[in-house]
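Q: Can you walk me through this one? I have the sequence and the 3D view open.

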Amino acid sequence: MADLADEAASLDGYFSDAPLEPEPKYPPLNESFDRCVVITNLPKVPEAKYEKLSKVVLKLVSRIGPLANYEGSDFSGFFMPFDKEAGSTVGCAFIEYETAGDAKKAIEVLEEYKFDKNHSLHVLPQDRASHLADVEEEEFKQPEPEPFKERPNTMSWLEDSCQRDQFAIRQGKETAVYWNDGREEPVLDYDGAREKEAGVAWCEYYVQWSPKGSYFATLVPNRGVILWGGEKFQKLQRFAAPGVDFVVFSPQENYMMTNNNNRNDPHAIKIFSIQTGKCLRAFPLYPKDFLDEKLSEQEKSNIPPPPFQWSHDDKYLARMGKDLISIFETPTMKLLDKRSLACDGICEFQFSPKDNIIAYWAPEHKNQPAHVDLIELPSRKSLRQKNLFNVTKCSLVWQENGEYLGVKVTRHTKSKKTLYNNLELFRVNEPGIPVEMLDVKDAVMAFSWEPQGSRFAIIHAENPTSTKVNVTFYDMFRMSEPEKKKGKKKSSGKELVAEVNKVETLEGKQCNCIFWSPAGRTIILAALGDSASGTLEFYDVDNKSLVIKEHYRANQVLWDPSGRTLATTVSQPIGGGHFKFAMDNGFIIWSFQGKQISQQSFETFYQFQWRPREKLFNKEEIAEVSKNLKKYEKQFNAFDEAKKRKLRLEETRGKRKSRSEFRATLARLKEIRANMKQERMSLLDGYDSEDESNFTTREVTIETIVSSKEELVY
């Protein structure tokens with residue numbers, strides 16, 4: 001006892017007086033089921049087939065990602081209930097993944113997955129399934145349908161009796177839509193007056209018309225995208241897209257894509273259904289593995305994100321990835337055939353404007369030469385492949401009707417010190433898709449097809465930096481004299497031969513861009529940019545007529561959909577810049593013949609955009625209308641005369657009012673004078689100054705010689 005007392009005394013003060021209450025630190029309990037999903041609509045099988053079905057389902061879900069695995073437990077992340085009373089499975093399975101990301105991916109990939117010919121899977125999160133289990137069962141009551149609310153007529157503007165076009169502008173803090181008839185000054189249609197009264201902004205960023213002109217989208221980065229339409233531009237729908245930078249509509253106006261250009265946002269690109277307003281799918285700015293990890297952040301920032309492209313009928317949405325093209329079907333937004341289209345080394349692709357055909361080019365890769373391919377969808381059948389050698393770069397240009405594809409090829413010599421160009425021209429609608437090569441000795445700076453036609457134009461010069469360039473026109477057909485056959489008379493007509501034909505060359509031009517009219521025939525040769533002269537040459541390819549105008553520092557040329565007028569603009573980005581050109585900001589509207597119709601200037605001018613309209617006539621119908629144009633000439637002339645008369649009456653309304661007032665005053669004064677006649681005669685002792693019999697008329701003739709001239713005739 002003494003020893004214990006001594007030991008206790010030596011340890012006195014060593015131990016704390018606080019009571020000993022150990023509290024173990026457990027990891028936080030995860031009460032969410034974000035890693036769990038429930039798969040329903042599985043086949044119901046007896047016990048004999050339970051193991052086989054389990055293996056098939058387990059193999060399917062394991063492709064998404066690894067399943068959860070707990071040490072000391074028999075649960076392996078997969079459970080498929082079995083009803084012993086019914087003697088079969090219940091048609092569902094519970095899956096737990098290692099990560100919540102895999103669970104979310106499983107919902108996206110396996111939803112509506114065709115398990116067999118009778119079963120399409122339905123996948124939902126565990127939390128949602130638990131919520132549905134707590135819903136009380138009761139008799140279903142048919143909900144009352146909402147009262148019908150007629151949507152505004154988004155095509156009402158096409159019913160304009162004067163067949164005018166519209167355009168929208170963004171300047172300062174204002175957004176406005178104008179009518180344009182191609183003759184007089186534009187007339188304001190709507191400038192957001194309703195929104196100004198409500199104290200809200202109609203638009204804070206850029207605007208965008210839909211491809212057929214049905215919708216008008218205004219971008220408000222803090223709120224997203226707002227669609228407007230109808231005669232008075234009523235609000236139709238709002239789409240949540242924070243930070244939106246630009247939007248792209250599908251060609252048939254069924255879908256809309258928004259992009260905020262945020263590299264760190266996994267949902268930077270969103271695809272919306274216009275009718276429902278639902279977000280169908282979201283994508284990051286760059287596809288997976290598109291950027292090489294070896295590159296620095298600065299080098300990565302210099303690589304632009306590959307754009308999405310729509311097919312002409314809205315069936316497909318595609319984007320280029322690393323050695324592949326990802327093609328998504330609408331409206332599910334799932335990969336076509338659950339796999340991407342393999343394209344080794346692909347650099348660029350384009351959808352045909354009229355068919356579900358993809359054209360792409362790839363440089364030399366491994367032991368394969370550079371090549372241009374045409375792929376048909378959805379069969380993925382290769383329609384044509386053209387191999388190319390010593391290629392530095394290619395540019396794909398479709399003709400508007402999808403009849404021709406032009407490929408501008410920049411080649412190099414073996415030493416790679418000298419570059420030269422040639423054009424590969426595909427006749428897409430002809431059997432076998434023949435390809436013609438057009439050698440161009442000069443450097444080609446621009447290439448453009450004539451809409452609705454077979455002609456194209458190129459800008460070329462010996463040196464790409466030359467101030468004087470040549471513009472050459474070609475036709476995919478040439479006129480040929482028919483061959484004379486023995487025993488038959490030679491035909492007087494000419495026939496078209498499918499062969500590239502040089503039409504003419506315009507030499508010594510000061511232009512760097514070419515813009516065909518949507519109606520064809522007329523082309524604008526423009527010198528655009530800060531360092532350019534702003535020269536505009538209106539050239540009629542058929543009549544060979546040329547009109548030269550100028551818009552100093554113009555940076556855009558925009559044709560209206562009909563080809564009657566065009567606008568040239570000096571604009572600046574909304575983010576800033578070009579403030580030194582504030583005196584030049586604005587737009588000029590010209591007729592297709594080069595006559596200036598209107599000009600407006602603004603301190604800050606951001607955007608000019610024509611309202612598109614759908615083309616209803618094909619080439620044959622347009623040719624028929626042109627052939628019988630005289631039938632409509634009287635109707636058009638009568639309409640023009642009525643319009644001129646209306647304008648003339650409007651202009652002379654003030655003069656006619658003043659004339660009527662003068663005549664009324666004159667009549668009133670004459671009446672007063674007539675009433676005073678008797679009083680006037682009494683003052684003159686009965687003399688009536690207005691009686692003609694009181695006057696004597698005498699005629700006197702006076703001749704005056706103004707000048708005289710004498711001439712001697714020998």
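Q: Are Phe 473 and Trp 516 buried or exposed?
A: Phe 473 is buried, and Trp 516 is buried too. Keep in mind that this is a predicted model.

Q: How are the rings of Phe 473 and Trp 516 placed?
A: A pair of aromatic rings is described by the distance of the centres and the angle of the planes. For Phe 473 and Trp 516, the centres are 6.0 Å apart and the planes stand at 80 degrees, so the pair counts as edge-to-face.

Q: Where in the chain do the two sit?
A: Phe 473 is in strand S35, while Trp 516 is in strand S39, residues 513–516. They are 43 residues apart, and the pair links distant parts of the chain.

Q: And what is the bridge partner of Phe 473 in S38?
A: Glu 504 is the bridge partner of Phe 473 there. Strand S35 (residues 469–475) and S38 run antiparallel and are joined by six bridges.

Q: Which sheet is that part of, and in what order do the strands come?
A: An open sheet of four strands, ordered S33-S34-S35-S38, with antiparallel pairing. Strand S33 (443–449) and strand S38 (501–509) are the edge strands, each pairing on one side only. On average, neighbouring strands in this sheet are turned by 20 degrees against each other, ignoring direction.

Q: Back to S39. What does S39 pair with?
A: S39 pairs with S40 in the antiparallel sense, over four bridges.

Q: How many residues of S40 are buried?
A: Five of the five residues of strand S40 (residues 522–526) are buried, so the strand is largely enclosed by the rest of the structure.

Q: Which residues are on which side?
A: Thr 522, Ile 524 and Ala 526 are on one side of S40, and Ile 523 and Leu 525 are on the other. All of these are buried, and both faces of S40 are covered.

Q: What about S40 and S41?
A: S40 pairs with strand S41 (residues 535–540) over five bridges, again in the antiparallel sense. Ile 523 has Tyr 539 as its bridge partner in S41.

Q: New topic. How many aromatic pairs are there in the whole structure?
A: A search of the whole structure finds 34 aromatic pairs. One of them is formed by Trp 209 and Phe 216, and this pair is tilted, with 4.4 Å centre to centre and 45 degrees between the planes.

Q: Are Trp 209 and Phe 216 buried or exposed?
A: Trp 209 is buried, with a relative accessible area of 2%. Phe 216 is buried as well, with a relative accessible area of 0%.

Q: Which residues do ring pairs link into a cluster?
A: Phe 167, Tyr 178, Phe 587, Phe 602, Phe 605, Phe 608 and Trp 610.

Q: Which ring does the charged end of Arg 164 sit over?
A: The ring of Trp 179, at 4.4 Å from its centre. Elsewhere, Arg 427 lies over the face of Phe 477, 5.3 Å from the ring centre.

Q: Now the core. How many residues does the largest nonpolar core have?
A: The largest nonpolar core has 22 residues. Ile 39, Leu 42, Val 61, Ile 95, Tyr 97 and Leu 110 have the most contacts inside this core.

Q: Which elements give two or more residues to this core?
A: Strand S1 (36–40), helix H2 (50–62), strand S5 (92–96) and helix H3 (100–110). H2 gives the largest share, four residues.

Q: What is Leu 42 in contact with?
A: Leaving aside neighbours within four places in sequence, the contacts of Leu 42 are Val 57, Met 80, Gly 91, Cys 92, Ala 93, Phe 115, His 119 and Leu 121.

Q: What about a second core?
A: A second, separate core has 18 residues, including Leu 374, Leu 388, Trp 398 and Val 428.

Q: Last one: what joins S26 to S27?
A: Six bridges join strand S26 (residues 357–362) to strand S27 (residues 370–376), and the two run antiparallel. Tyr 360 has Asp 373 as its bridge partner in S27.

Terms used: Residues numbered from 1 in each chain as written. Predicted model: local features only at pLDDT ≥ 70, side-chain atom pairs only at ≥ 80, totals over all residues. Heavy atoms only, no water. Pairing = 2+ DSSP bridges. Core = buried A, V, L, I, M, F, W, Y, C linked by side-chain atoms within 4.5 Å. Buried < 20%, exposed > 50% of the residue type's maximum accessible area, 1.4 Å probe, protein only. Contact = heavy atoms within 4.5 Å. Axes fitted to C-alpha atoms, helices over the stretch in contact; angles between N-to-C directions. Phe/Tyr/Trp six-rings, centres within 6.5 Å; stacked < 30°, edge-to-face > 60°. Lys NZ or Arg CZ within 6 Å of the ring centre and 35° of its normal.
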